[in-house]
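Take a walk through the structure shown below.

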Amino acid sequence: MTTSSSNLSRLTGLLRSTAGVLISLAFTFLGLLLVTFIIARVVPIDPVLSILGDRATEAQIEAERIRLGLDKPLWEQFGIYIWQALHGDLGVSIRTKQPVIDEIAQYFPATLELATLGTLFGVLLGVPAGVLAATKPGSLVDQFVRLVGLMGYSMPVFWLGLMGLLLFYGVLDWVGGPGRLDAAYDIMLEFEVPQRTGMILLDTALAGRWDMFFNAVSHIVLPAGILGYLSMAYISRMTRSFMMNELGQEYITTARVKGMPERRVIWVHAMKNVMVPLITVIALSYAYLLEGAVLTETIFSWPGLGSYITDALLVGDMPAVLGGTVVVGVVYIGLNMLSDLLYRFVDPRARA
Amino acid sequence: MTFSPALRRVGSAAIAALMLGAAPAALFAETPADTLVIADAIDDIVSLDPAEAYEFSGLDVVNNIYNSLIELDPTKPGELVAGLAESWSVSEDGLTHSFKMKSGLAFASGNPVTAEDAAYSLIRAVKLNKSPAFILNQFGWTADNVEQMVKAEGDTLSITTDKVYAPTFLYNCLTAGVASVVDKKLLEENAVDGDYGYAYLSDGSKSAGSGAYVIKSYKPKDAYFLEANPNAAVFKPTLAKVLMRHVPEAATQRLMLEKGDIDIARELTPVDVEGMAGNADVTVQQDVGGQIFYLSFNQKNENYKNAKFLDAMRWAIDYQAMADTFLKGSMVVHQAFLPKGYLGALEDTPYHLDVEKAKALLAESGVAEPKITLDVRNATDRMEMAQSIQNTFGQVGITVELNIGDGAEQLKRYRARQHDGTLQSWGPDYPDPQTNAGSFAWNPDNSDEGKVGTLAWRNAYDPGPLNGMTDAAVVEGDAAKRKAMYEEEQKIHRETSPFIVMFQIGYQTGRRANLSGFYTGGAIDSAAYWTVTK
């Protein structure tokens with residue numbers, strides 16, 4: 001086989017796999033939109049009544065129904081929605097009358113900041129804890145990690161958040177309270193700091209406003225710590241299980257027989273293989289925090305995507321719910337693709 | 001694999017950030033001296049345009065941003081004071097009202113406040129025809145005729161109504177948010193396709209008023225920020241800034257209040273209030289709001305036309321026990337359709353739980369083994385009320401089956417007259433007794449095709465003579481006579497209608513002890529921020 005024909009076949013292969021990924025992406029999306037759309041129409045919440053309230057006359061209700069396009073057949077409403085979504089238009093929130101895309105641009109950075117920091121905590125603590133537990137199964141350390149993990153699984157986040165607030169904010173005064181900044185800074189932020197990313201830590205750092213930055217840190221530490229704890233519980237359990245599995249493999253015995261230092265056996269040889277499934281676990285946990293931090297956001301008055309979608313659902317603001325869902329879907333798909341890429345990076349077999 | 005050194009670097013940076021971050025947390029333990037910081041659930045805001053705002057939180061903002069011709073004095077509940085108009089009079093035929101504007105007043109933009117602006121504001125609200133427009137439509141104003149009926153003549157605004165109404169009825173309606181006076185010049189400069197500046201005001205970040213404050217920023221479901229209006233003249237603000245933070249969780253509000261991170265917490269539960277007792281830094285302000293909670297029964301079911309049966313139910317509810325236990329502080333017993341604070345509201349509470357009396361009345365009624373399906377919204381306090389009612393009705397021999405569901409869905413059934421019994425709440429629309437009389441005790445067309453839509457209609461209740469009494473009270477010019485008419489009407493209604501009014505909502509507002517002068521607006525008005533000092 002000549003080099004050029006081999007290149008050609010590699011290119012065709014690449015194109016084919018890219019096309020496959022794109023097609024599956026398109027179907028995933030369409031499926032996501034369809035399911036959410038149907039659920040949105042099946043729930044017994046009348047968006048018109050929830051906007052106009054108890055006093056509206058029949059004529060006002062009818063006019064609003066037409067304005068929102070709810071008088072059209074379902075398939076037509078769905079078609080319009082898909083068409084607009086493809087053009088980057090997620091519609092207008094029924095409740096606030098603002099473009100959904102603008103609202104999400106406001107809420108998503110707050111969630112992104114919180115979930116990223118939470119995941120960082122989860123990985124930094126969870127991975128070493130899991131590894132430590134796996135290398136000394138049955139030991140005190142293992143029992144401790146298991147206990148901490150179990151508590152993370154079983155304690156309701158609502159309770160954990162309130163207790164955390166009470167202790168660290170209410171009694172000890174170690175951290176800032178609910179919200180992203182103290183009131184004094186909240187006002188300054190609005191007028192003195194250019195909001196480039198919507199993430200306060202980044203924006204204040206970029207503006208060199210370190211006083212405000214540290215105030216923001218003091219506010220995010222607790223909610224991020226609580227999310228980090230939940231994420232840690234999951235990551236440490238999974239790391240332990242993956243690592244136990246690897247440590248029983250023959251190549252590990254071989255490395256040990258060859259006299260390789262234990263640290264190297266664990267952190268280099270075994271870890272390389274643990275990383276492959278662990279990346280998926282971390283990505284999923286990250287995605288979960290990005291869309292599932294509703295209760296934490298509520299307790300900490302954190303203006304994020306989770307509470308945005310939930311509030312919207314409760315008042316029947318379906319464009320907002322659908323818009324939020326699309327963004328979460330994109331995040332899931334994006335993180336999946338990212339973990340695919342990372343596989344290739346850590347596992348040479350995946351590059352073939 | 002070489003990420004452990006990297007991990008170490010990230011880890012130490014994180015710990016450093018944690019330590020540094022924790023230290024300055026206490027720097028701003030108190031709120032700024034010139035700023036009022038409030039925590040409330042503000043996700044009910046639909047709009048901050050006075051022609052559209054119609055929710056509690058939205059109307060609070062409107063009240064502080066805009067002025068009306070006549071205002072309610074926040075320090076003296078129910079008392080009308082001059083707003084942008086310095087005096088007003090009514091013509092001999094009672095159809096035309098003249099409002100002479102104060103001179104020398106300006107909007108926040110610097111534009112002068114004129115009679116032209118006042119006329120424009122009313123016309124705008126009627127033509128935009130948003131939810132609260134009906135308050136103005138009551139005077140016979142429609143999109144087609146409003147320009148002939150509301151006119152500016154020099155420094156006087158002239159208002160004509162389709163028939164003679166009680167002047168207090170008109171004045172009270174003019175204090176509602178929908179009658180706020182907007183800056184015509186500013187809105188017309190920013191109008192798109194003749195929309196009266198509706199799009200301009202729609203994102204809530206801009207205002208066009210002459211009130212105590214102006215909006216500096218608004219982030220839905222997050223916060224709004226107001227700044228003192230330098231041109232404010234009707235009500236001058238004491239504090240330079242107001243920051244409202246959306247804090248939906250009551251326990252969180254309480255914690256922030258006790259820590260001094262906010263000045264006012266507006267959504268405290270009885271549990272929070274009890275927990276704060278003994279803390280000298282905070283105090284709780286109690287007053288009542290306008291919302292009332294009631295049971296009503298659909299008279300398509302003949303049982304509910306039986307006077308004895310209705311009476312049996314009135315004596316089969318443990319009003320006081322509910323108010324003293326799970327509703328403590330958040331509701332007070334109230335048994336008439338006009339909430340306390342309204343002209344003519346009946347404040348006596350003749351009914352209490354009397355199982356034997358109720359049993360006797362039930363026996364006299366002849367209704368055998370009554371069974372009620374009670375629609376209840378899935379909110380904690382309502383479900384608790386419903387369970388208490390189910391229990392005490394059970395003691396009397398009335399079986400209650402609870403149908404618990406989403407509020408909007410239940411509202412749909414209620415509006416379609418498909419319920420059997422329902423536990424509902426009702427908040428008045430404007431500070432005049434007609435708002436509730438016209439809904440609880442007025443239904444001139446009880447047919448299914450009737451387009452009346454009042455609460456009486458929804459329950460298929462024909463109020464008979466009360467229709468005429470409602471019509472007469474709304475045109476009665478003598479305020480004392482008018483009051484007596486509403487008192488009489490409530491008495492009859494309470495004894496004969498298929499409505500059982502049980503409670504009026506209570507506000508428990510937590511505030512820092514160093515702060516004073518905060519008025520929630522009680523039953524008839526919205527919150528005033530301009531009076532607050534600290």
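Start inside chain B, where 15 residues of domain 1 are in contact with eleven residues of domain 2. Contact here means heavy atoms within 4.5 Å. This is a predicted model, in which local features need pLDDT of at least 70, side-chain atom pairs count only at pLDDT 80 or more, and totals for chains, interfaces and linings use all residues; side-chain values use heavy atoms, with hydrogens and water left out. Residues are numbered from 1 along each chain as its sequence is written, while chains are lettered from A and ligands numbered from 1 in the order in which they are written.

Domain 1 of chain B covers 43–204 and domain 2 covers 288–506. These bounds come from an automatic or database domain assignment. The centres of the two domains, taken over C-alpha atoms, lie 33 Å apart.

How much area do domain 1 and domain 2 of chain B bury between them? The value is about 1,000 Å², with 64% of it on carbon and sulfur atoms. Buried area is the accessible area (1.4 Å probe) that two parts lose on being put together, summed over both. On the side of domain 1 of chain B, Ala166(B), Phe169(B) and Asn172(B) lose the most area to domain 2, together 36% of what that side buries.

The rule finds six residue pairs in polar contact across this domain interface (both at pLDDT 80 or more). A polar contact is a pair of N or O atoms within 3.5 Å; within protein, one must be able to donate a hydrogen and the other to accept it, and residues adjacent in sequence count only if both atoms are side-chain atoms. Two helices of chain B, H4 (134–137) and H6 (167–174), each supply at least two residues of the domain 1 side that touches domain 2. Helices (H or I, at least four residues) and strands (E, at least two) are DSSP runs, numbered from the N terminus. H6(B) gives the most to that side, with five residues. By class, the side of domain 1 of chain B that touches domain 2 has eleven nonpolar, four polar and no charged residues. Ala, Val, Leu, Ile, Met, Phe, Trp, Tyr, Cys and Pro count as nonpolar, Asp, Glu, Lys and Arg as charged, and the others, Gly among them, as polar. The count of salt bridges between these two domains is zero.

Elsewhere there are salt bridges to follow. Over all chains, the structure holds 32. The rule asks for a side-chain nitrogen of Lys or Arg within 4 Å of a carboxyl oxygen of Asp or Glu. Arg240(A) and Asp142(A) meet in one, at 2.8 Å, N to O. This pair links distant parts of chain A: Arg240(A) sits in helix H10 (residues 210–247) and Asp142(A) in helix H6 (residues 140–154), 98 residues apart. Arg240(A) counts as buried, at 12% relative accessibility. So does Asp142(A), at 0%. Buried means under 20% relative accessible area, exposed over 50%, partly exposed in between (1.4 Å probe, protein chains only). Asp142(A), Arg146(A) and Arg240(A) are linked in a network of salt bridges.

Now return to chain B. Lys184(B) and Glu116(B) meet in a salt bridge at 3.2 Å, N to O. Lys184(B) lies in helix H7 (residues 184–189), and Glu116(B), 68 residues apart from it, in helix H3 (residues 115–128). Lys184(B) is partly exposed at 25%, and Glu116(B) is partly exposed at 41%.

Next comes a covered helix. In H2 (residues 56–65) of chain B, eight of the ten residues are buried. Among them are Asp60(B), Val61(B) and Val62(B). The cover includes E8 and strand E9 (223–228) of chain B. Lys216(B) is placed in E8 (residues 213–219). Lys216(B) is partly exposed, at 35%. Not counting residues up to four places away in sequence, Lys216(B) touches Phe191(A), Ser205(B), Phe225(B), Leu226(B) and Glu227(B).

Phe191(A) leads across to the other chain. The contact takes 60 residues from chain B and 62 residues from chain A. The two chains bury about 5,400 Å² between them, of which carbon and sulfur atoms give 61%. Two salt bridges cross this interface. Arg245(B) and Asp186(A) meet in a salt bridge at 3.3 Å, N to O. H1(B) gives the most to the chain B side, with nine residues. The residues of that side divide into 31 nonpolar, ten polar and 19 charged.
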